[in-house]
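Please keep the sequence and the model in view while reading.

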Amino acid sequence: MELISPTELAKEKVEAVQDYAVLAGRSVANLFRHPRYFGDIVQQADLIGVGSLPIIILAGLSIGAELALNSANTLEQFGSLSLIGKLVSVGMVTELGPIITGLMVAGRNASGMASELGSMVVTEQIDAMRALGTDPLKKLVAPRVVSTVFMLFFLTIIADLLGLIGGGIIARLIFGIDSRQYWNSAWQALAFRDVFTGLMKPLFFGFIIATVGCYYGMSTRGGTQGVGKATTQAMVASSVLILVVNFFITKFMMAVLGPH
Amino acid sequence: MAGPPTVIERPLPSSQHSAAPVIKFEDVSLAFDDKRVLDQISFELPPGQSKAIFGVAGSGKSTILKLAMGLLKPDRGSIDMLGQDVTQMSEEELFKLRRRIGMVFQESALFDSMTVRENVAFRLMEEHDISEDEIEKRVREALSFVELEHTMDLFPSELSGGMRRRVAIARATITRPEILLYDSPTGGLDPVTSTTIIELIVKQRDVYKTSSLLVTHRLQDAFTMASHYFDRKTNHMEHLPQGMQCEVPMNFLILREGKVIFDGSMQELKATKDEYIREYIS
């Protein structure tokens, strides 16, 4: 394996960040430029949103159920089992719903975008598109960014709801808590800041997933091996970025809207 | 009627050369990392003419086409396409210019998630103001030109290599571009299929008189182009009678280690004393 000097490595990383920033910036700027590819946006929305629905339903239900199961034992020790609805709803809406949805969609779609665009790069389809007078950033990247941001927002709401349902099922069936009490506690616990924080996050996560996936796809080099590498990198980078950005959004929202 | 042969009695009148070239490379150099791919390349393509670019693998042939399209930027020199310097243009300006140029890629580069119809119609659909009926009509026309009308609803993966090249030609020519760039259109094809592709290129050249650059490592392809014309009556490529040349002049450019070592006509090529070229064409 060829060793790269630290200076070269640093240069490469700075260039990569610069290229990513350019791609992300142009994907936003392209939203305000003609032509707009509504057909492609709808197609991507179907692929990202509807396609991810089964896994989001499953993940939402099981995370909500596990959250209820695990927290119930602790709450029981303090005789506060009735608070289970509150714990599940705040946990799901502010943190787990957006994070789980983001990570699931990152695993499924950031890697999918990287492999699809990467294959197009190595088979010269991207060059062909540019040669035909069409900007791939407008035709391929912008619709993916719009669709992912839009669909992740709604997928997160679905995951939140299903998490609450999952928690409710466990609370009722295992701990015998009255459903009305569970839902009352869950509903009353939610403040504006929780819902706002929880629904802000998917907008950022969607942008991260699409731009990172497209960036790794568009910068693929080295044939089919390069496509495989880009796919893995896209998934890892977008997941890590989601976790890091999640922390900062939570911190920022706490500073702006006050702690829970 | 395409390409009725004209007798060569004297060199072409100078007026034919005086028109501004559609492609002009001036002192163009390009290196990838430390490897110099093109070294001070200069040549011109006058309007209505064809030029074949030869060279062994890695001599920078395909790079010339990518530079001409503005898909790559040279380290130095200027490249004029249809009177505009592509080295000074923004990507947005280049998209407009590229719509006036057609390019056939080495491995066809068809969009594999689209059908043949969608591939060929791609440029028209991107115009956003052409009716569906008009698109359908022009796609049929372009596909019938390459005799592949029956493949409209197939995907590229369902076509043979030769058919994919023909679809790529239909896609590049559907908007009647002012210049056509062919990147090794017969690469990796058997001799019979190669002849079919060359026949199509000759047909395009003689019917529409489009200026073209053809990159190839197969000298016989360019010789076939220079020595044949397309006869619309027989719908076939015919051999030019002795001492005659086609209406669309054909020139040759040979590259060696990134430098131009020959730029001239077939007659000049045959008469060259350069040892490397003689070995190459023998």
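The structure is a predicted model. Chain B contains 10 helices and 14 strands, and its radius of gyration of 19 Å agrees with the value near 19 Å that a compact globule of 282 residues would have. Within chain B, strand E8 is mostly covered and takes part in a right-handed β-α-β unit.

**Overall form of chain B**

- The C-alpha trace of chain B spans about 55 × 45 × 35 Å along its principal axes.
- Buried residues make up 40% of the 282 residues of chain B.
- Among the contacts in chain B with a separation of 6 or more, 67% are between residues 24 or more positions apart.

- Strand E8 of chain B covers residues 179-183, and five of its five residues are buried.
- The side chains of E8(B) are divided between two directions: B:Ile179, B:Leu181 and B:Asp183 point one way, while B:Leu180 and B:Tyr182 point the other way. Residues pointing in either direction are buried, and the charged residue B:Asp183 is one of them.
- Strand E7 of chain B, residues 101-104, runs parallel to E8(B) and is joined to it by four bridges. In this pairing, B:Gly102 stands opposite B:Leu180 of E8(B).
- Strand E9 of chain B, residues 211-215, also runs parallel to E8(B), with five bridges between the two strands. Here B:Tyr182 has B:Leu214 of E9(B) as its bridge partner.
- The right-handed β-α-β unit is made by E8(B), helix H7 of chain B (residues 191-208) and E9(B).

**Helix H7 of chain A**

- Helix H7 of chain A comprises 27 residues, numbered 192-218.
- From its first C-alpha to its last, H7(A) reaches 39 Å, close to the 39 Å expected at 1.5 Å a residue.
- H7(A) is largely enclosed by the rest of the structure, because 19 of its 27 residues are buried.

**Contact between chains A and B**

- Chain A supplies 12 residues to the contact, and chain B supplies 14 residues.
- On the side of chain A that touches chain B, there are four nonpolar, four polar and four charged residues.
- The size of an interface is often expressed as the accessible area that is lost when the parts come together.

Technical notes: Residues numbered from 1 in each chain as written. Chains lettered and ligands numbered in written order. Predicted model: local features only at pLDDT ≥ 70, side-chain atom pairs only at ≥ 80, totals over all residues. Rg over C-alpha atoms; globule rule 2.2 N^0.38 Å. Buried ≥ 20, exposed ≤ 12 C-beta atoms within 10 Å, placed from the backbone. Contact = placed C-beta atoms within 7 Å. Expected span 1.5 Å × (residues − 1). Pairing = 2+ DSSP bridges. Right-handed = clockwise from strand over helix to strand, strands pointing away.
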